[in-house]
Amino acid sequence: MSTSPLDPAVDRVFELGNVTLACGKTIPQGRIVYRQFGTLNADGSNLILMPTSYGARPADLAWTVGPVLDPERWCIVIAGQFGNGLSSSPSHGAMGLAEQGWVVHHSDNVAAQKRLIEEQFGVNQLALIYGWSMGAQQAYQWAVTHPAAVERICCVCGTARTSVHNKLFCLSLRQALIADPRWNGAGFDGDPEQGLRTFAFIYASWAASQPHCRGITEPLEQHVEQQWLPHYRRHDPRDLLSMLETWMAHDVAPGADLGQALGRITARSAVVAGSHDLYFPVDDMAAEAEHLVDAEFYVIASELGHRAGNPHSSTAEQQLLRRIVDQLLDS
């Protein structure tokens, strides 16, 4: 099967019908919003899937097409995870929060994405899953759950199991939102401005490294107001909570041995850590990579912290990611 290139500036919607989640809840008329770059070849062997990271929508990751992923050679599909505000999310009224028993797992995202590539593109095996942060979590989930459907994975600044330390970060963000006076126990009575500002301050302190922060010259309140808060104000706060629950619940081997689960991955793998990443430290990522049968481990030496894996404004990190991806795709 081959497909003509779609306008990459336009979001596409894949309708899923009713989707029953691992938590037992059902999303009525579920959907995935995605963007396509490049053309699927005749045998469907050139499809790359990129799941989205926390809070990201397909347009936010479109910068990778060209600098990191080659649309002349590959058909690249950026698929939005549940809860991101475009794909099915609490803000649509079709999903609730953890307080009502709603927790989306990455197995739910993967199941929906699998339907997308099979039903929309007619593809049964992906050439590559490329993911940063929560996108890397989904790449690991794919490779564990459907090993025969994944030829390669590139996991950038993300792990196969959310660590206890990382969960504490997520819980601090959650607490910032629900401590807002507009929280009513099941949602928000208006915009939680105070909670969102606290949320942005916490995020800013973790996503950037200590060396990077030394270069901040404007007042910190101004820095957070201009550089961080707009990313979260654009979201319904219920969606922010939903994606945090997914992040915290992430574990490709719930209740089982992580090393054994990772050892079942047959995909050729590139595991890419950031030297100053506070979310997914080098040691955590290296320990998981040791369990992979066919993997190369890389460290990006960068003061960007977690954002070294999403360097939309930094050429050096982009070029390194491109070399890693090209090497993986040529193997």
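The model is predicted, so local features need pLDDT of at least 70 and side-chain atom pairs count only at pLDDT 80 or more, while totals for chains, interfaces and linings use all residues. Residues are numbered from 1 along each chain as its sequence is written, and side-chain values use heavy atoms, with hydrogens and water left out.

Let's start with charges. Side chains of opposite charge can pair when their charged atoms come close. A salt bridge here is a side-chain nitrogen of Lys or Arg within 4 Å of a carboxyl oxygen of Asp or Glu. The whole structure holds 15 salt bridges. One of them joins Arg174 and Glu99, at 2.5 Å from N to O. Arg174 lies in helix α4 and Glu99 in the loop between β4 (75-79) and α2 (106-120), so this pair ties together parts that are 75 residues apart in sequence. Helices (H or I, at least four residues) and strands (E, at least two) are DSSP runs, numbered from the N terminus.

How open are these two residues? Buried means under 20% relative accessible area, exposed over 50%, and partly exposed in between (1.4 Å probe, protein chains only). Arg174, at 11%, is therefore buried, whereas Glu99, at 35%, is partly exposed.

Next, find Glu225. Its salt bridge with Arg197 has the closest N and O atoms 2.4 Å apart, and the pair links helix α7 (residues 220-227) with helix α5 (residues 193-207). Glu225 also meets Arg233 in a salt bridge, at 3.2 Å. Together, Glu193, Arg197, Glu225 and Arg233 are linked in a network of salt bridges.

Now for the rings. Rings of Phe, Tyr and Trp (its six-membered ring) pair if their centres lie within 6.5 Å; planes under 30 degrees apart count as stacked, over 60 as edge-to-face and the rest as tilted. The structure holds 16 aromatic pairs. In one of them, the centres of the Trp247 and Phe280 rings are 6.2 Å apart and the planes are at 20°, so the pair is stacked. Trp247 sits in helix α9 (residues 237-249), and Phe280 in the loop between β7 (268-274) and α11 (282-289). Both residues are buried. They belong to a cluster linked by ring pairs, whose members include Tyr54, Phe169 and Tyr279.

Finally, look at Val164 in helix α4 (residues 164-178). Val164 counts as exposed because its relative accessibility is 63%.
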